[in-house]
Amino acid sequence: MPNAIEVRGLVKNYGTLRAVDGIQFSVAAGSVFAFLGPNGAGKTTTTEILEGLRPKTAGDVRVLGLDPWTQGAELHQKIGVIPQDFRFFERITPAEGIEYYSALFGTHPDASAILSRVALSDKADARYDTLSGGQKQKMGLALALTNDPEICFLDEPTTGLDPAARRAIWEVIRSLKREGRTVFLTTHYLEEAEILADQVAIIHHGHIIATGTPSEIISAHGRPPRLRLAAGPDVAAFVQRTLGATATVENGYVEVVVHDKDESLRVLSAVQSSGLPWSSFTTEHDTLEDVFVRMVGRMDDGALKSEGAT
Amino acid sequence: MKFRRIGSDLKVVYLQYRRNPAALFFSFFFPILIVALFGYIFSGAGSAVTTVVVLNEDQNSPASVAFLAALNNTSVVQVQVVGGSSWTPSNFAAELGSAGASVGLIVPAGFQANYSAHTNVSLALFVNPTDAASAGTAEGAIQGVANGFNLHAADGRAIITIASIHNVGSQIYTYIDYLIPGLIGFTILTSPMFSMVDIAASYRKDGIFRELSLTPLTRSEWLTSHILWYIVLTFINAGIMIAFGVGVFSAHLSIGLGMIPFLLVGTFLFVSIGMLSGTVAKTPESAAIIGNIITFPMMFLSGTFFPVSSFPPWLQTVAHVLPLYYVIDGLDQAMLFGNWNRAALDLTIVLVIAVVVFVMAVRFFRWRDS
């Protein structure tokens, strides 16, 4: 399958500030791509360049084979965008908004079908200014679907929403993928990316610091799985001495690095037969969020240290 | 440019507007309010006394003296008889002007003889068109006294009549006649200025322009639909004010096709100025300030409430650089005086300014950031 989005050596400067510094990634057609990064990392800038809302400084950007800035009019027929913090005419209803967008795009979508798939049918005739935050975001999603887009750009679509509204948006994203559309998603919620995304890229200080599927990123950048025992330091010392395993002590728990289930069983049976006191165990895996926080935090610590040195 | 897109944008503008009570008030109730207010204040039943400068050419005949005494007794005008070598019928108008008088009357020679013989005699009335309130008051008073004399002498047949001498037209204008074109100009200015400045600045701040940039709607289509919308509003406002002015205050207006170009071009101009002000401002707050700086001097100095010719000369110079002056002067020429040459000149000036501002507005107006 060809790539829906192709980015090579993308650079964006704001005056002397380099917001995006030569990034590179591609998004396969029909996949869900999550673009992650802390605030100010260059996430929204990159997204806006892809949408044709901002010109790039340098590099090559192709969205559906088009240059978003110079061929924006053609591109906008084929993509749907919900910008971060979607705003619309105060006194216009979702149904009227869909009618308006259909006329602008020259499309003839089934308005009630669009409203029901974003779970907004009951508010079809409510003015925008009476909608809740989640309903406004759903209205944005509905408008983004009026032109039957090949790519949907969702810039932090669930920020500030309650869990039920967030899950409703997730369901829409899944259905977009089932229909063969490409979804480009930015989000602050790492669990959202982990659940929805086929591919993830993490951007930090204008650089991409990790790409791949969520599990690839976790295994490449995360810690190995750990067995976590509710036990004292004597257990940690015992495990290290007898099995040569890495064990750490923290707040009444002992964490032992284990690489597979056989190793886990060996540790558990050794501890059990040692006669030392312990009560329960869990197994710990890094989530995408753990990896993200560690990677971003480590880089910021490094930046702080180097700043301190100068 | 696609009409389908302009039409659908126009519909959104209309719905937004229809659901905004403040906008409805300013479009429909405010014009009536302002016509009523100024109409009652300035053309009310003349509590102020108007001085009528009289040149009596009938050698102070008893009939003419009686007529002037009756006029003085109406208590709405005060008769001031002048004489001497400097006051002659041929330079009466000039002398009135230099004496600062608004109303003058010549009682012709043979007034008594004609009156007694029941043959027609014409009084020459001189009025200052810029002081229409005095003119109207004086005309009413003189007409009333003349009617009384006619009734007394000849069972109401018109013997004494007023031949009005006027520099630009054949009828007497009242304040309301000047007020209506001025107020139409006022709404042509204020209705687009106040809302376009705000729309231009707040839609940019709220990202609505960005949102629209992701659709096939173009900037010129968007501007066109807004210009069309304010033209519709201008016609509604003008219609309401004319109907109210004519119906309630008996304004003498010729309502013809001549005013239409001014409604079109004037609205085009102020939508463009509003758009430009809102576009160059950094925030909605500074846009409002820029809008007010542009709007307020024009609101009062362009002949909206008072004729520009009644201003001191330096203020007239100021008025002549304000675009609204040419809209209102053109409306005056078209609706009151039928002076089409001057109306065409006014229209040309407004059109040129409008095109320049429109081009600048389109040039500076951006959907997207860079």
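Two strands count as paired if DSSP finds at least two bridges between them. Helices (H or I, at least four residues) and strands (E, at least two) are DSSP runs, numbered from the N terminus.

## Basis

This is a predicted model: local features need pLDDT of at least 70, side-chain atom pairs count only at pLDDT 80 or more, and totals for chains, interfaces and linings use all residues. Residues are numbered from 1 along each chain as its sequence is written, while chains are lettered from A and ligands numbered from 1 in the order in which they are written.

## Chain A overall

Chain A holds 11 helices and 13 strands. Its C-alpha trace spans about 75 × 50 × 40 Å along the principal axes. Of its 310 residues, 42% count as buried. Buried means that 20 or more other C-beta atoms lie within 10 Å of the residue's own; exposed means 12 or fewer, partly exposed in between, with C-beta atoms placed from the backbone.

Contacts are pairs of residues whose C-beta atoms, placed from the backbone, lie within 7 Å. Among contacts in chain A with a separation of 6 or more, 68% join residues 24 or more positions apart.

Strand β8 of chain A covers residues 199-204, and six of its six residues are buried. In a regular strand the side chains alternate between the two faces of the sheet. Here Gln199(A), Ala201(A) and Ile203(A) point one way, and Val200(A), Ile202(A) and His204(A) the other.

Strand β3 of chain A (residues 32-36) runs parallel to β8(A), joined by four bridges. Leu36(A) stands opposite Ile202(A). Strand β9 of chain A (residues 207-212) pairs with β8(A) in the antiparallel sense over five bridges. There His204(A) faces His207(A). The hairpin of β8(A) and β9(A) has two residues between the strands, and His205(A) takes a positive phi near 50°.

## Helix α1(A)

Helix α1 of chain A (residues 43-51) is largely enclosed by the rest of the structure, because nine of its nine residues are buried. Among them are Lys43(A), Glu48(A) and Glu51(A). Just after α1(A), Gly52(A) takes a positive phi of about 80°.

## Chain B and the interface

An automatic or database domain assignment supplies the domain bounds. Domain 1 of chain B is 3-42 + 174-364, and domain 2 is 50-165. Their centres, taken over C-alpha atoms, are 42 Å apart.

In the interface, 21 residues of chain B contact 20 residues of chain A. On the chain B side, α1 (3-18) and α8 (208-213) each supply at least two residues. The largest share, six residues, comes from α1(B).

Terms used. Two residues are in contact if their C-beta atoms, placed from the backbone, lie within 7 Å.
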